[in-house]
Amino acid sequence: MHFVIMGCGRVGAELAMRIEDRGHSVSVIDQNSRAFARLPQEFSGQQVTGIGFDRGILEHAGIAEAAGFAAVSSGDNSNIIAARVVRETFGLNNVVARIYDSTRAKVYSKLGIGVVAPVTWTSNRVLHQLIAFGPHVEHIDNATQTALFYVDLDSSWFGQTVADIERHTGARVAYLTRELELVLPQQNTVIQDDDELRLLSHASKIHAIQRILNHRLGDDEW
């Protein structure tokens, strides 16, 4: 498959190499030709100098045959414009844009553009390191406000089943990790010491869910 990347900063260069390492072809667009110096000498993809939302530049980069497009330049406006041009002009739906402004990220996510908001993601990871107790948010779908997160459990929850967790919290247990192994649980799966639960719920409910699971089972004081 062929992919087109707009922006050859650190993210764009890393992304291009990872895609190529998986056996796909890649074109990288950047208006500054010196940015291509970030690509290693062994990179065999196409390097296109120009504005990433220019139709001619996109066509030269092979957008008509592309399976996906990523706009990861340093500018929100450029990324948004490029993503919309690729979707609306070339009919490519597999489009991802990096947007720093979280408010705008929500808007464009609702328009069907895959959005990565690095400020939100980074702040969540730093918060996870600073504060021992969760919830630790791994992903929020901006369109539906569905959150994937993991929680810290009071020891009284060990020995309970997945069905018990879901009944008390109203969340869905998506999966859990046990001794670094993925477990896809059933309703009767018993929670063990050191299990790490990934839950799905509406983003507005995650803190209430964590409060429930931080307290002893049957404790009504919270």
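Colleague: Where is the place of Asp193?

Modeller: Asp193 sits in the loop between strand S10 (181-183) and strand S11 (196-202). Helices (H or I, at least four residues) and strands (E, at least two) are DSSP runs, numbered from the N terminus. Before we go on, this is a predicted model, where local features need pLDDT of at least 70, side-chain atom pairs count only at pLDDT 80 or more, and totals for chains, interfaces and linings use all residues. Residues are numbered from 1 along each chain as its sequence is written, and side-chain values use heavy atoms, with hydrogens and water left out.

Colleague: Why is Asp193 called exposed?

Modeller: Its relative accessible area is 52%. Buried means under 20%, exposed over 50%, and partly exposed in between (1.4 Å probe, protein chains only). Asp193 is therefore exposed at 52%.

Colleague: Which residues form a negative surface patch?

Modeller: Glu179, Glu181, Asp193 and Asp194 form it. Patch members have over 30% relative accessible area and no salt bridge; like charges are joined within 9 Å, and nonpolar side chains (Val, Leu, Ile, Met, Phe, Trp, Tyr) within 5 Å. Asp and Glu count as negative, Lys and Arg as positive, and His and the chain ends are not counted. The place of a charge is NZ of Lys, CZ of Arg, CG of Asp or CD of Glu.

Colleague: What makes the nonpolar surface patch?

Modeller: Ile51, Phe53 and Ile81 make it, with about 230 Å². Such areas come from the Shrake-Rupley method with a 1.4 Å probe; for residues, only the protein chains shown count as cover. Ile51 lies in the loop between strand S3 (46-49) and helix H2 (55-60). Ile51 has 40% relative accessible area, so it is partly exposed.

Colleague: With which residues is Phe158 in contact, leaving aside its neighbours within four places in sequence?

Modeller: Leu153, Ile191, Gln192, Asp193 and Asp194; contact means heavy atoms within 4.5 Å. Phe158 belongs to the loop between strand S8 (146-150) and helix H6 (162-169). The C-alpha atoms of Phe158 and Asp194 are separated by 8.8 Å, although the two are 36 residues apart along the chain. At 25% relative accessibility, Phe158 counts as partly exposed.

Colleague: How do you know that the side chains of Arg167 and Asp164 meet in a salt bridge?

Modeller: A salt bridge is a side-chain nitrogen of Lys or Arg within 4 Å of a carboxyl oxygen of Asp or Glu. The N to O distance here is 2.9 Å, so the pair qualifies. Both residues lie in helix H6, three residues apart, about one turn of the helix. Arg167 is exposed at 57%, whereas Asp164 is buried at 13%.

Colleague: What is the N to O distance for Arg172 and Glu166?

Modeller: Their salt bridge has 3.8 Å, so this pair also meets the 4 Å limit. Arg172 is exposed at 55%, while Glu166 is buried at 14%.

Colleague: What does the pair of Asp195 and Arg178 tie together?

Modeller: The side chains of Asp195 and Arg178 meet in a salt bridge of 2.7 Å, N to O. Asp195 lies in the loop between S10 and S11 and Arg178 in strand S9 (residues 172-178), so the pair ties together parts that are 17 residues apart in sequence. Asp195 is buried because its relative accessibility is 8%.

Colleague: How many salt bridges does a search of the whole structure find?

Modeller: Eight. Glu138, Glu196 and Arg198 are linked in a network of salt bridges.
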